[in-house]
Amino acid sequence: MNINQRIEKLRELMKDRKIDAYIIPTSDPHQSEYLADYYKTREFISGFTGSAGTALVTMDDAKLWTDSRYFIQASKELRASEFELMKMGVEGVPDLIDYLDQNISEFGKIAFDGKSYSVEGYKNLSENMGARILISDVDYISQIWTDRPELSNDKVWMMDEKYTGESLSDKVDRLRAIMESNGYDYTFIGAPEDICYLLNLRGNDVDYNPVVLSYLLISKDDISLCIDVDKLSGEVRDYLDENKVKVYSYDSIYKLLKNIPGKNRIYLDPERTNVAVYDSINSNVKVTMGTNITTSMKAVKTDTEIKNIKDAYIKDGVALVKFFNWLEVGAKTGSLNEYLASNKLQDLRKEDESYIEDSFETIAGYKENAAIVHYAPTITGSKTIRDEGMILVDSGAHYSGGTTDITRTVALGRLTDAEKTDYTLVLKSFLTLFLAKFKDKTSGQRLDAIAKYPLWQAGKDFFHGTGHGVGFVLTVHEGPQRISERDNTGFIVNMTTSIEPGLYIEGSHGIRIENEAYVTRAYENEFGKFNQFETLTYVPIDTRPVKTELLNRDEIDWLNNYNSECYEKLSPYLQGQDLDYLKESCKEI
């Protein structure tokens, strides 16, 4: 079936229950950002392959909402179908709620699969849909998707304490102390990355995310893990038994929640709890909602984790220097394309024995393709790379000791004056945060404004977040902290974040420069505690596109010192032409 045929099949099913609108979010039963192929229902119905978006099908229309990162990509992928792109955040474009309110009759029926719809999303709908009927027990995609992929059955593995710096029991003790101080008898965790963090487990259920799909219910006495038990080896079962973790089948979570005695209080995250799970909680159980306690716990890395992340970035830096040397040599021959380049980078990372997998699909955009924020090259249609213009490479990996996420935009030859100006403005934005001192608990919103100031001064901007937390051999995007115009989370010592400003000129070029950093204490005095960002990433920043007249002395000094550190840290692991390339890349300006 093509996309339009799938839409028509869906409408036939909707008619049986007189449903006026069917919502297909980008989600799974855990409200994960990255999905196992089995749960890519929105991609199946719409043909849009981006990682964020919501599809809506009515009897007359098919709409797809996504954010600015995917406008160009979605426009191309939806072109051959009935789906219309709804550009989120663009003036005059209604959001999903407004569209439903304007187009669905007063007593109309709106349906979705409650197992893949968050409590927060349901609450938003119910508060705005008036007398319209919300139906959450409808999974129509399963009836249409006849060749649906299988779920993974790979085994779970344990994360050694030499990497995490904290045992399962110590983490649970910290969690229970927070629960007790807030009067919570239970906490439910539906986020697989939080469960894996707490239990020091990892899995292979989702590409690029070493997690296992599961639920966890914790009280002052019990730890109940609901999981596909076939994924647990004898060694892992023994480990869980030793730590007093009771193991149940995956779907047992509904019964466990239903059996919580009345008048107890349970804490859960409405953005990471699905409607079906929530509905299984008895009405006489008190529910308190907020961000998972474990999400805030894992955001602050242990000193052991920081040390291991630094080691992972040295390994990653070595691979990237080899890659860019190979790329620049190959660009002169005209024999490379974006797809070949992304595969070569993975091969170089795999040379390290601690490599597990990539942490996301490599973005390798040459020239105008770099203006597509989340562009991923494919085997057909990839652009040939030549010795001119710029290439943007955003990539990362999971190693046994940490996760990496890094972007470099590199000049391969002659550049226009506009490209050099834009590159230097992005670099200034990047440097602004690394040069900044900021009060303890400064919000991501304030840091975002600080970073964007050089671009705003030039009348330019970008429309993705400036930074996100990075998981420790978990999800590459991690909260609660973000450097974003909408984030109020306070940044504290040992939180990690990416710093990745960019600038994208459709049809011409795209630029992004990204390091991962962690928060350290700069100083403390009578005015309070002041923090700063310290880099974790060590890969030279290309200085060939830089217009030095646009940089001040502090910015030039930071850049020269950083590239010098890159040489010091990476040169012991390189030789021959790769070492020569590193030396040339680290020259002062």
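Which residues are buried in α17? In this helix, Gly444, Leu447, Asp448, Ala451, Lys452, Pro454 and Leu455 are buried (under 20% relative accessible area, with exposed over 50% and partly exposed in between, for a 1.4 Å probe and protein chains only).

## Basis of the model

This is a predicted model, in which local features need pLDDT of at least 70 and side-chain atom pairs count only at pLDDT 80 or more, whereas totals for chains, interfaces and linings use all residues. Residues are numbered from 1 along each chain as its sequence is written, and side-chain values use heavy atoms, with hydrogens and water left out.

## Helix α17

Helices (DSSP runs of H or I, at least four residues) and strands (E, at least two) are numbered from the N terminus. The 14 residues of helix α17 (residues 444-457) should span 20 Å at 1.5 Å a residue (1.5 Å times one less than the number of residues), and the end C-alpha atoms are 20 Å apart, which agrees.

The helix α17 bends by about 40° at Ala451, with Pro454 following within four residues; the bend is the angle between axes fitted to the seven residues ending at a residue and the seven starting there.

## Salt bridges

The whole structure holds 34 salt bridges (a side-chain nitrogen of Lys or Arg within 4 Å of a carboxyl oxygen of Asp or Glu). One of them joins Arg544 and Glu328 at 2.8 Å, N to O, linking the loop between β32 (528-535) and α18 (553-570) to helix α14 (residues 303-331), 216 residues apart. Arg544 counts as partly exposed at 45% relative accessibility, whereas Glu328, at 15%, counts as buried.
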